[in-house]
Amino acid sequence: MIEREVTVEEPAPGLFLHQPKRGFRYSADPFLLAGWLLETGTPASVLDVGTGSGVLALLLARAGVSRVTGIDVRPEWVPLARRSAAASGLSATFEVADVRTWTAPLVDVCVSNPPYLPRGRGPL
């Protein structure tokens, strides 16, 4: 991704999110999902499937989840999520992977916040 096509947002104090200037971008959904998940306590480990920019994974790491992993099949997202984690001083792992074939340690909670598009719209 060309650097001028990336923005850096600060959606929460100290959380710096690198994401494309155009295309998929975070909204309020990951904040709500993180809040709902944390209502029952803080799990030790979370897998974020289709992590994209990593915003949900980073919110959970910021809230004290000790092992956060984000995976995405689109390789262009993972470097941005890693940069966001480093810029925010958060510990999270981001990998290019397909959940259908991903083999890693079990996690306490699996989350996903896919884009919601009408059938037949958006990239495959």
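Predicted model: local features only at pLDDT ≥ 70, side-chain atom pairs only at ≥ 80, totals over all residues.
## The parallel sheet

Four strands make up an open sheet with parallel pairing, arranged in the order β5-β4-β3-β6. Its edges are formed by β5 (93-96) and β6, each of which pairs on one side only. On average, and with direction ignored, neighbouring strands of this sheet are turned by 20° against each other.

Strand β4 (residues 67-72) runs parallel to β5 and is joined to it by 4 bridges. Within this pair of strands, G70 has F94 of β5 as its bridge partner. In general, the strands of a sheet pair through backbone hydrogen bonds, in either a parallel or an antiparallel manner.

## Helices beside the strands

Helix α1 spans residues 29-38, and its residues P30, A34 and L37 are buried. These residues lie on the same side of α1, because they cover an arc of only 65° around the axis. An α-helix has 3.6 residues a turn, so residues three or four places apart point the same way. The packing partners of the buried α1 residues are β3 (45-49), α2 (55-62) and β6 (109-112). Of these partners, β3 and β6 also belong to the open sheet.

Helix α3 (residues 77-88) lies across β4 and β5. The direction of α3 is at about 175° to that of β5.

## Salt bridges

Side chains of opposite charge can pair when their charged atoms come close. In the whole structure, 3 salt bridges are found. One of them joins the side chains of R25 and E9, with an N to O distance of 3.0 Å. This pair connects distant parts of the chain, 16 residues apart: R25 is in the loop between β2 (15-20) and α1, whereas E9 is in strand β1 (residues 6-12). R25 counts as partly exposed because its relative accessibility is 36%, and E9 is likewise partly exposed, at 25%. Both values fall between the limits of 20% for buried and 50% for exposed residues.

A salt bridge also links E76 and R74, whose closest N and O atoms are 2.8 Å apart. E76 has a relative accessible area of 30% and is therefore partly exposed. R74, at 31% relative accessibility, is also partly exposed.

R100 and D98 form a further salt bridge, in which the closest N and O atoms are 2.6 Å apart. With a relative accessibility of 72%, R100 counts as exposed, since the term applies to values over 50%.

Methods:
Residues numbered from 1 in each chain as written. Heavy atoms only, no water. Buried < 20%, exposed > 50% of the residue type's maximum accessible area, 1.4 Å probe, protein only. Helix = DSSP H or I, 4+ residues; strand = E, 2+ residues; numbered from the N terminus. Arc of directions from axis to C-beta. Contact = heavy atoms within 4.5 Å. Pairing = 2+ DSSP bridges. Axes fitted to C-alpha atoms, helices over the stretch in contact; angles between N-to-C directions. Salt bridge = Lys/Arg side-chain N within 4 Å of Asp/Glu carboxyl O.
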